[in-house]
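Welcome, and thank you for stopping by this structure. Please open it in your viewer, keep the sequence at hand, and follow along one region at a time.

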Amino acid sequence: MSVLKESPVSSPYRLAVVGTGGIAHLHADELRKHVPGRIELVAAVDPDTARLDAFKDKFGVARGYASIEELLASEELDLVDLCTPPVAHAPGAIAALEAGVGVVCEKPPALSLEEFDRVAAAAAASSADFAVISQHRFGSAAQRVRDMTASGVLGRLAVAKCDTLWFRPEEYFAVEWRGRWETEGGGPTMGHGIHQIDTLLSMVGPWSEVVATAHRHRRTTNTEDVSHAIVTLESGASVVITNSLLSPREVSQIRLDFDTATVELDHLYGYGDDNWTVHPIESAADDVLRAWAGEPRGQSSGHGAQFKLIADALDGGTAPPVPIEEARRTLELLAAIYASAFTGKRVRAGDIDPTSPFYQRMNGSGTPWPDLK
């Protein structure tokens, strides 16, 4: 049974991985490295028997199942870890939550706002909780930026940028579920840039409106391979966001221009303290650099950092990190980027309600290009 909303029990907590592809191997490695003895991987699910057996052998998993339904009927669990293709995230989450089992879900948490709201309703009715993997929130430097913003030492944010400039060759999309709205949910905006965008919003606060474009320049997909957005935050600051899968020199970047300093992050798939720089104005240099030299320090971003906090929440009987409303806010911004791109209109927070086609699916009423898959 789940303990996320109930009295804590003794560790190790029993976790099953659903889906045994590449991301599941990463999760299993992170669990083994960062929460040994606290979270135990006891079962795995995959309809591909050969892939399931290889995963079980590699990580010493005792039992395997062909479906999440078989898993939930057979195992007493604290958590399921959803590492399936995105199309299976919401159904898997709802099944686990209805069984009273907590959920850790890879991004994107759902294919649409409509799906996400059904997951949220299942979580509200469950004894268990739903946690979205948001691993880049939990590096120490990102927390330091949040602390410095709250203290006022940085002043107000004026301008920011958030770039996910990655490269995926044509063969990447040979996998059947990739590049399709109905199975992946979107292109780099949804499946890749979501990591940086979520981290950005965790530092700068809620967004209020967006104007965007999306393009399919090169890849044989139904989804976009590039998007650009200009986002206005509730604070009044402006952010430029670019998501690309056509960029040979891959980089993930966030730049924040405050009144007293520019703070920059330059990495690829994960960062440490050394990936961040701060450039204060002369009159504020002493205060800014003193704060930047402070704590917290030493925690790299990554799944392990978040799994530690999930284990802490289990120990304390509290909700896991990343409130469900914040996960929805990130997903709503992605939906708004697509809605603006495909309608040519400015989209404000709250505009995408159940009457909007972009509530039901990220491509809304359709793309300006024909399907290729």
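Two strands count as paired if DSSP finds at least two bridges between them. The strands themselves (E, at least two residues) and the helices (H or I, at least four residues) are DSSP runs, numbered from the N terminus. What you are looking at is a predicted model, in which local features need pLDDT of at least 70 and side-chain atom pairs count only at pLDDT 80 or more, while totals for chains, interfaces and linings use all residues. Residues are numbered from 1 along each chain as its sequence is written, and side-chain values use heavy atoms, with hydrogens and water left out.

Let us begin with a sheet. Six strands line up in the order E3-E2-E1-E4-E5-E6, forming an open sheet with parallel pairing. At its edges stand strand E3 (63-65) and strand E6 (130-132); each has a single partner strand, so one side of each is left without a neighbour in the sheet. From one strand to the next, the twist averages 25°; the angles run from 0 to 180 degrees between N-to-C directions, and the axes are lines fitted to C-alpha atoms, for helices over the stretch in contact. Within this sheet, strand E4 (residues 79-82) runs parallel to strand E5 (residues 102-105), and 4 bridges join them. You can find one such place at Val80, whose bridge partner in E5 is Val103.

The buried residues of H4 are His89, Ala90, Gly92, Ala93, Ile94, Ala96 and Leu97. They pack against helix H3 (68-74), E4, E5, helix H5 (113-125) and E6, where contact means heavy atoms within 4.5 Å. After H4 comes Gly100, which has a positive phi near 80°.

Now follow the chain to the loop between E5 and H5, where Pro108 has its place. A cis peptide bond joins Lys107 to Pro108, with omega about -15°. Another cis bond runs from Glu295 to Pro296, with omega near 0°; Pro296 lies in the loop between helix H10 (285-292) and helix H11 (303-316). Most residues other than glycine have a negative phi, and most peptide bonds are trans. With that in mind, visit Val322, a residue other than glycine with a positive phi near 70°. Val322 sits in the loop between H11 and helix H12 (324-343), and is buried, with a relative accessible area of 6%.

Next, turn to strand E10 (residues 238-244), which is mostly covered, with 5 of its 7 residues buried. Strand E7 (residues 157-167) runs parallel to E10, joined by 7 bridges, and Val159 has Ser238 as its bridge partner in E10. E9 and E10 are also joined by 7 bridges, but run antiparallel; here Ser227 stands opposite Asn243. The two form a hairpin with 4 residues between them, and Gly236 in the turn has a positive phi of about 100°.

Strand E9 (residues 226-233) also holds Ile230. Together with Val211 and Val240, Ile230 forms a nonpolar patch on the surface, with about 230 Å² of accessible area.

Strand E11 (residues 246-258) pairs with E12 in the antiparallel sense over 6 bridges, and Gln253 stands opposite Asp266. A hairpin of 2 residues joins E11 to E12. On to E13 (residues 276-280): 5 bridges join this strand to E12, and the two run antiparallel. Ala261 has Pro280 as its bridge partner in E13. As for strand E12 (residues 261-267), 5 of its 7 residues are buried, so it is largely enclosed by the rest of the structure.Our last stop is Ser365, in the segment after helix H13 (357-360). Is Ser365 buried or exposed? With 62% relative accessibility, Ser365 counts as exposed. Leaving aside residues up to four places away in sequence, Ser365 touches Pro357 and Phe358.

A word on the terms behind the surface patch: patches are made of residues with over 30% relative accessible area and no salt bridge, with like charges joined within 9 Å and nonpolar side chains (Val, Leu, Ile, Met, Phe, Trp, Tyr) within 5 Å. A salt bridge is a side-chain nitrogen of Lys or Arg within 4 Å of a carboxyl oxygen of Asp or Glu. Accessible areas come from the Shrake-Rupley method with a 1.4 Å probe, and for residues only the protein chains shown count as cover.

Definitions and conventions. Buried means under 20% relative accessible area, exposed over 50%, partly exposed in between (1.4 Å probe, protein chains only).
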